[in-house]
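Please work through the following exercises on charged side-chain pairs. Each task is followed by a solution in steps.

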Amino acid sequence: MPDEPAKRRPARNRYVSRRDLLFQAGGGVSGLALAYMLDADGLLAATPTDAEPGACGVAANVTSPVAPKASHFRPRAKSVISLFMTGGVSHIDTFDPKPALKKYHRQPLTGKGEVIVRQGYPGPLMASPFSFEKCGQSGIEVSELFPHVGSIIDELALIRSCVNKSNDHVLAHYEWNTGSLLMGHPSVGAWVTYGIGTENQSLPAFVVIFDPRGGPNAGTRNWGSGYLPAAYQGTVFRTTGDPILDLKPPDRIGTRQQRNRLRHLTKLNEEHASRHPGSSELAARIASYELAYRMQGCAPEAVELSSESDATKRLYGVDDPATEGFGKQCLLARRLVERGVRFVQLFNGAKRRSNYDDWDAHDDLADNHSRHAREIDKPIAGLITDLKQRGLLDETLVLWHSEFGRMPISQKGLGRDHNPNAMSIWMAGAGIRGGQVIGATDEFGYKSVEQPVSYHDVHATILHMLGIDHKRLTYFFNGRNMRLTDVHGELIPQIVA
C-alpha cells in the first residue's frame, strides 16, 4: 500500500523586517570592530603564530610535540651534550695504555684467533708513539695528547671496554647514534625529545653542531627521527656565519605583516593536514614554522658568543686558531643547555676529503691524532670546567665517544685500521662518580675482556640518567613496539650508582 502523501508544511517567512536587519547587521559590525580593537591591543588569546617572536624560556605550548612530559622516575640530568669524534679514535693511543705493545713492538699478533682488518695491509704490533702520564688524584693514565683533559680526569668516568658490531664508518655511526646497524631508525636525541620533550619552547629541543669542515659520515641520519614523528629530528646550527640560516626576515617585512603571513600559512597547512591525516612531516613543518617565529627573539641571543667574557673565550680556546672551531661548538653547547635545550650533539671531524678531516688514521696516526687532539683538548676541558663553575654539571650529562677504536697492529707502516672490538669512551656530570675506570681490554688492546659495554648499554644508561626506563620508552611501528635499545641494553652499574 503506498505511503500517504506528507502533509504540506506552512511556508516559511523569507522576509526580515527593517528593524531586525539593522539590529543583526549592527551587532555583527560592532562585533567585528570589537575583535579588531582587542587584537590591536593584544588582548585576544594568542595562537602559536600570533605570539610575538619573544622571550627565551616561554611557557610550553601544550599542543607542541616537544612539550615537557613526565619522566618515569626522578632524573639525575636535565640535558645531554654528546661529543662525537668522527673517524674512529685510537683507544690505545689516548685513554688505554698498553705497555705490552712497546715490549712486543714489530712482532706479529698471535693467540687472538683470526684478525679481521677493514682495509688490508696488516702489519705487526705497533707501540703507541705517545707517552702516558698518571693524572689527577685518581692516577688514571692519560695520553700526552690530552694534557687539559688529563687535568680534569677526576671529573670523568672512563669506560675502556666498549664494543660495537661493524668496522664500517657509516654502519658504526648508525650503531652509536641510532642503536641499529640499519639506516632509518630514530637517533638518540630524537628518542629523548620524544620521551620527555623540552622545557624551552623558543629553541629546538635537539640541536646538532658539526665540524666547520663539514658533516660526519652517515650525514643527517645521525640526528634523524626515523619512524618517529618528524618533529623530533635534530636541528643543525652552524659555528661559522649565521648559526641558523634565513631566521631573520627581510627588513621590509614588519612583525604584523609576518604574523599575518604565518597565520595564513598555518591555516593552509592545517587544511592540507585535514585532507592527509597521519602525515608527520606536515605536522613537523607546521610546528617548525611556529618555532622559527618564536626563535627570532630567542635564538640570536642564545648563539651570540660575543657577549661572553674574554676569560671564558680563553677557557674554551676561542682565542686560538687551532682550537677556535671546536671551542665555539663547546661554548655554544653550554649556552644552549643553559637555556633549556634538551640534547646537543657536537661532531669533530668531517666526512673525509683529505687525510686530516677526521680521526681515521690509516696512514700516519701520530700526525693525524696530534692534529685532532690539539683541536679538542682545551675546549673539552673548558666545557667541563665552565659547566661546573656555573652549577650546570650536576644536571648535564656529557658523553665523549667515537664509532670504534683502532687495531694494535700497524697499517701501511704508521697507521692503524678500524677495531670494533675495543674502544674507550667517557661520561661526566649528572652526579656520576668521576676518577674511575670501568672495564678493560686485553694486554694489546685488541678486544674488550672485562665488562664489555655495548652501545645498547650506553643508550640505556643515557636514558636512565634522564629519568627514562629504556624498556618503557616505545613507539608502535611496523607491527611491534620499537625502542632505542631494541631487545638489548643493561645499565652500566658504576654510572647509575
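The exercises below concern salt bridges in this structure.

The model is predicted, so local features need pLDDT of at least 70 and side-chain atom pairs count only at pLDDT 80 or more, while totals for chains, interfaces and linings use all residues. Residues are numbered from 1 along each chain as its sequence is written, and side-chain values use heavy atoms, with hydrogens and water left out.

**Exercise 1.** State how many salt bridges the rule gives.

*Solution.* A salt bridge is a side-chain nitrogen of Lys or Arg within 4 Å of a carboxyl oxygen of Asp or Glu. By this rule, the count is 22.

**Exercise 2.** Determine which parts the pair Arg-213 and Glu-375 ties together.

*Solution.* Step 1: these two side chains form a salt bridge, at 2.9 Å from N to O. Step 2: Arg-213 lies in the loop between strand S6 (206–209) and strand S7 (235–237), and Glu-375 in helix H10 (residues 365–389), so the pair ties together parts 162 residues apart in sequence. Here helices (H or I, at least four residues) and strands (E, at least two) are DSSP runs, numbered from the N terminus. Step 3: Glu-375 is buried at 15% relative accessible area, whereas Arg-213 is partly exposed at 26%. Buried means under 20%, exposed over 50%, and partly exposed in between (1.4 Å probe, protein chains only).

**Exercise 3.** Describe the separation of Arg-371 and Asp-367 within helix H10.

*Solution.* Step 1: the closest N and O atoms of this salt bridge are 3.2 Å apart. Step 2: the two residues are 4 apart in helix H10, which means a separation of about one helical turn.
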